[in-house]
Amino acid sequence: MSLPFNPNAERIVTLDVLRGFALFGILYAHMIFWYAGGPLPEATYQLYKDPGSGIAMGIYMIFIISKFFSIFSFLFGLSFYIQIDKLVQRHQPIFMRFGWRLAILGAIGILHHIFWRADILTIYVPLGFLLLFFRNLNNKTLLIVGSLLVLNIPTKFAEFVSILVRDQLQLIQEDPKAAGAAYYEIISQGNFAQMVQHNISAASEKLNYQINSGRGFITFGFFLIGMLAGRMHWFSHLEQHRIFFKLVLKRSGWVLVIALLAGVILGASSFILKIDFQNAPFAGWAGGFILEFFNTSLTLIYITGISLLMLKPKWEARLKPLASVGKMALTTYLSQSIIGVFLFFNIGFGLFTLTSPGQNALLCIAIFGIQIFICRWWLKYFNYGPVEWLWRSATDLTWKPLRKPSLPELNTQ
């Protein structure tokens, strides 16, 4: 007798909780400044100076920015390993099957980018293809290369050379004032056609940002670390790796403290010596280097801390609602963009700059709470989120069962 279909039989709840947690941070990062997917005029960020906005922006700067995308990237690499391992066990062609899966995700990403220019899928897909060529590296090499990339070492080296040769920190020169003014115009006054045209043309700005900031390297580095985590079964046997997770948490905490102290020393020195970071490229380079260690250590603290909390029954019950969002990660991510654009852009309610960052933070919490409720309700009746279902069906070129089979009624007679 064949076993009943169960798409969630091998899911690891902790990973779904981490995905849900990451999606909250991603929503917060975009909501805080009106879901802008690119630069805005500097004055726009200074519009609100009330205490609530100050707290909301402080949370964004310290605890949110860059960290939650890194968690998402780590989980992408881990999921990559799980999917590739399944293909190997089934003796299916890896390049063809996973390449087709990535191609479909790429098509979704292109459509998403046309609607909202900060789409991350169009970055993940080419790096996902690159990951296919790194999958057979040994564990030590994965750890070394991944660590160098998550700390953005290649970019920092290129910046150092650029300072020596050109006396400039930025690798690709851009005009942020012109770009910010153009995007401000699109958000506040643009119609749908103008928004789409702008998003398509902004693809070059996205690429430049990936190069200048090193986000491409960092993303791929977390892909590799995530793939290593999958290979080592850190999450499928979480209890067995409790001591290891505690060790990573402790060491990441120490790196975080050292980075904070280094940042304070650099800031105090710059204040005393009246150093202008914009006109002192080496000071900016040092500050950026410290920031990379801070961001990476806090990302690891989030991952290991939540994983350890999931081993405690009370905390597992508290965090488990995030798992429903994590199971519908792609649907949730895309729906967040739709909600954000229609809330703030001129094509929707046009709330751009009419709400404060503090109010936007409260909106973020409310929207995410609604998403948790909807995801929990949806998964009671369906096997997948709607976009996940389409993605899986297109990957296998067959319609997957979407609705869960109804339970037979008990015979009470």
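Helices α3 (residues 67-89) and α4 (residues 94-115) pack at an angle of about 140°, with their axes 10 Å apart; helices here are DSSP runs (H or I, at least four residues), numbered from the N terminus. Axes are lines fitted to C-alpha atoms over the stretch in contact, and angles run from 0 to 180 degrees between N-to-C directions. The two helices are therefore oblique to each other, a class left over once angles under 35 degrees (roughly parallel), over 145 (roughly antiparallel) and 65 to 115 (roughly perpendicular) are set aside. The model is predicted, and local features need pLDDT of at least 70, whereas side-chain atom pairs count only at pLDDT 80 or more and totals for chains, interfaces and linings use all residues. Residues are numbered from 1 along each chain as its sequence is written, and side-chain values use heavy atoms, without hydrogens and water.

On the α3 side, Phe-76, Phe-80, Gln-83, Ile-84, Leu-87 and Val-88 meet Ile-94, Arg-97, Phe-98, Arg-101, Leu-102 and Leu-105 of α4, contact meaning heavy atoms within 4.5 Å.

The largest nonpolar core has 109 residues, and Phe-74, Phe-235 and Phe-345 have the most contacts inside it. Helix α3 supplies the largest share of this core, 12 residues. Such a core consists of buried Ala, Val, Leu, Ile, Met, Phe, Trp, Tyr and Cys residues joined through side-chain atoms within 4.5 Å, where buried means under 20% relative accessible area, exposed over 50% and partly exposed in between (1.4 Å probe, protein chains only). Among the residues touched by Phe-235 are Phe-74, Leu-78 and Phe-245.

Asp-167, in the loop between α7 (153-166) and α8 (176-189), has a positive phi of about 60°.

Technical notes:
Lists of a residue's contacts leave out its neighbours within four places in sequence.
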